[in-house]
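Let's read a structure together, one feature at a time.

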Amino acid sequence: MTLSTGTPGSIATAHTLPSYLDPNHLGPWGNYLQQVDRVTPYLGNLARWVETLKRPKRILIVDVPIEMDDGTIAHFEGYRVQHNLSRGPGKGGVRFHQDVTLSEVMALSAWMSVKNAAVNVPYGGAKGGIRVDPKKLSLGELERLTRRYTSEIGLLIGPSKDIPAPDVNTNGQIMAWMMDTYSMNTGATATGVVTGKPVDLGGSLGRVEATGRGVYTVGVEAARLTGLPIEGARLAVQGFGNVGGTAGKLFAEAGAKVVAVQDHTGTIFNGNGLDVPALLAHVKARGGVGGFAGADALANEDFWAVDCEILIPAALEGQITKDNAGQIKARMVIEGANGPTTTEADDILHDKGVLVLPDVIANAGGVTVSYFEWVQDFSSFFWSEDEINARLVRIMQEAFAGIWQVAQQHQVSLRTATFIVACQRILHAREMRGLYP
Ligand SMILES: NC(=O)c1ccc[n+]([C@@H]2O[C@H](COP(=O)([O-])OP(=O)(O)OC[C@H]3O[C@@H](n4cnc5c(N)ncnc54)[C@H](O)[C@@H]3O)[C@@H](O)[C@H]2O)c1
């Protein structure tokens with residue numbers, strides 16, 4: 001069955017769009033609206049609240065001026081979007097990238113609402129970003145940018161209001177500056193205002209590996225349910241950073257063979273399975289997989305057609321498209337990245353019988369351990385890494401089992417099933433709370 005994907009024009013006419021969006025360039029928000037359309041028929045009486053999901057609750061656009069090292073003043077555009085707060089405070093990362101747009105931050109905030117509800121952690125969805133290429137800034141400029149942005153969005157964030165975290169091009173150091181700035185402005189150390197902090201500053205053990213561990217956990221569950229043995233299964237991984245590197249390592253430890261890896265430095269292949277610990281050491285030393293001795297180089301465009309059972313996109317958005325989806329030979333795609341598959345490609349994979357484990361559940365391990373970090377900060381009592389990993393695995397397994405059952409019941413994709421579970425939770429919370437006043 002091929003589901004209608006819709007053109008930007010038709011998405012725009014099917015929805016009442018806010019005036020601040022360009023109907024002809026809806027961007028990722030258009031993609032998200034299509035996903036909401038697909039879930040609406042399954043919402044029953046809760047469908048009367050569905051417009052709530054199509055309108056972010058709150059959007060803050062800020063000007064972030066900083067003095068550059070050469071004495072000039074530069075201005076950057078920053079955002080914080082709170083998509084939905086029905087189930088708890090906002091939660092979602094902050095992205096520093098030159099191509100960040102309001103549409104993208106809106107969509108990422110909405111996907112956080114869905115993801116948090118899918119794993120049933122008590123958060124709404126939020127996201128933030130600054131239009132900046134941080135690689136062009138000195139460390140001092142990056143710190144000034146982070147601190148000024150944090151002050152500007154200080155109106156919205158707080159340990160019980162909205163809790164940012166790292167995303168693309170932001171890390172533990174940036175979280176430490178955000179925590180410090182918020183604490184200076186409020187007059188008390190507030191470790192719980194951000195997650196993904198360094199462990200010495202109220203961060204959590206296990207947070208760095210959490211997203212990759214979640215990818216691995218749902219992958220193993222889906223493999224079990226579909227009769228795919230992990231032992232000997234061939235894996236292709238795009239992106240060998242935090243998410244892809246951890247997932248690749250865990251699958252290899254379980255007996256799978258990582259046969260191909262692509263990152264920004266090239267594509268490598270070894271049909272007998274790459275030596276993953278050696279590859280991780282190479283990436284750490286050299287910044288990418290390019291030039292790894294234990295593999296052959298492959299043309300980048302040949303990556304998608306590699307013979308494998310499991311494909312893990314763990315790099316960027318919009319990587320699996322209508323142009324390469326037809327070449328994919330994997331039985332299962334596990335979305336480590338956010339939004340790696342376009343709606344058209346999703347339909348092509350569905351028609352080919354490829355099982356797609358969608359981002360909104362597959363990469364939810366990171367926010368789950370962020371939730372543990374926040375709980376530990378509130379109680380000032382820290383758990384062991386084993387406890388954290390055990391709780392993470394249990395939450396991911398239970399969430400995935402529920403989603404799998406809904407997909408079977410309604411005969412829908414796992415993406416739509418995840419949206420059904422999550423949107424019902426969000427809208428049920430909305431209905432019980434009622435409208436104020
Ligand atoms: N880190 C988390 O906790 C987390 C949680 C949820 C989702 N995600 C998503 O997972 C994805 C990866 O995040 P990460 O934390 O692993 O980032 P990372 O910076 O550690 O790794 C990114 C990887 O992508 C590769 N890459 C970059 N450009 C590429 C290109 N043009 N072609 C192929 N590969 C390219 C890089 O070489 C690197 O290996 C992102 O979409 C992110 O939003 C991350």
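**Reading the model step by step**

Q: What kind of model is this?
A: This is a predicted model. Let's begin with the whole chain and then move to details.

Q: Into which domains is the protein chain divided?
A: The protein chain has domain 1, residues 2–189, and domain 2, residues 210–357. Taken over C-alpha atoms, the centres of domain 1 and domain 2 are separated by 27 Å.

Q: Now the ligand, please. Which residues come nearest to the ligand?
A: There are 22 residues around the ligand, and the nearest of them are Gly 239, Gly 241, Asp 263, Ala 337 and Gly 366. Two elements give two or more residues to this shell: helix H7 (242–253) and strand E7 (257–263). H7 supplies the largest share, three residues.

Q: How are two packed helices described?
A: Two packed helices are described by the angle between their axes and by the distance between those axes. The crossing in which H12 passes H13 is right-handed.

Q: Which residues of H12 and H13 meet?
A: From H12, look for Gly 402, Ile 403, Val 406, Ala 407 and His 410; they meet Leu 414, Ala 417, Thr 418, Ile 420 and Val 421 in H13. This contact of H12 with H13 has seven nonpolar residues, three polar and no charged.

Q: At what angle do H11 and H12 pack?
A: Helix H11 (residues 365–379) packs with H12 at an angle of about 130 degrees, and their axes are 10 Å apart. That makes H11 oblique to H12. The crossing of H11 and H12 is right-handed. On the H11 side, the contact is made by Gly 365, Thr 368, Val 369 and Phe 372, while H12 contributes Ile 388, Arg 391, Leu 392, Ile 395 and Met 396. By class, the contact of H11 with H12 divides into six nonpolar residues, two polar and one charged.

Q: How far apart are the axes of H2 and H3?
A: The axes of helix H2 (residues 28–39) and helix H3 (residues 102–118) are 7 Å apart, and the two helices pack at an angle of about 35 degrees. Pro 28, Trp 29, Asn 31 and Tyr 32 of H2 meet Ser 103, Glu 104, Met 106, Ala 107, Ala 110 and Trp 111 of H3. The contact of H2 with H3 has seven nonpolar, two polar and one charged residues.

Q: Let's finish with the backbone. Is the peptide bond from Tyr 436 to Pro 437 cis or trans?
A: The peptide bond from Tyr 436 to Pro 437 is cis, and its omega is near 0 degrees. You will find Pro 437 in the segment after H13.

Q: What is the phi of Asn 169?
A: Asn 169 is not a glycine, yet its phi is positive, at about 65 degrees. Asn 169 sits in the loop between strand E5 (162–166) and helix H5 (172–186).

Key. Residues are numbered from 1 along each chain as its sequence is written. This is a predicted model: local features need pLDDT of at least 70, side-chain atom pairs count only at pLDDT 80 or more; totals for chains, interfaces and linings use all residues. A residue is near a molecule or strand if its C-beta atom, placed from the backbone, lies within 6 Å of it. Helices (H or I, at least four residues) and strands (E, at least two) are DSSP runs, numbered from the N terminus. A crossing is left-handed if the near helix is turned anticlockwise from the far one by less than a right angle, and right-handed if clockwise. Two residues are in contact if their C-beta atoms, placed from the backbone, lie within 7 Å. Ala, Val, Leu, Ile, Met, Phe, Trp, Tyr, Cys and Pro count as nonpolar, Asp, Glu, Lys and Arg as charged, and the others, Gly among them, as polar. Domain bounds come from an automatic or database domain assignment. Axes are lines fitted to C-alpha atoms, for helices over the stretch in contact, and angles run from 0 to 180 degrees between N-to-C directions. Angles under 35 degrees count as roughly parallel, over 145 as roughly antiparallel, 65 to 115 as roughly perpendicular and the rest as oblique.
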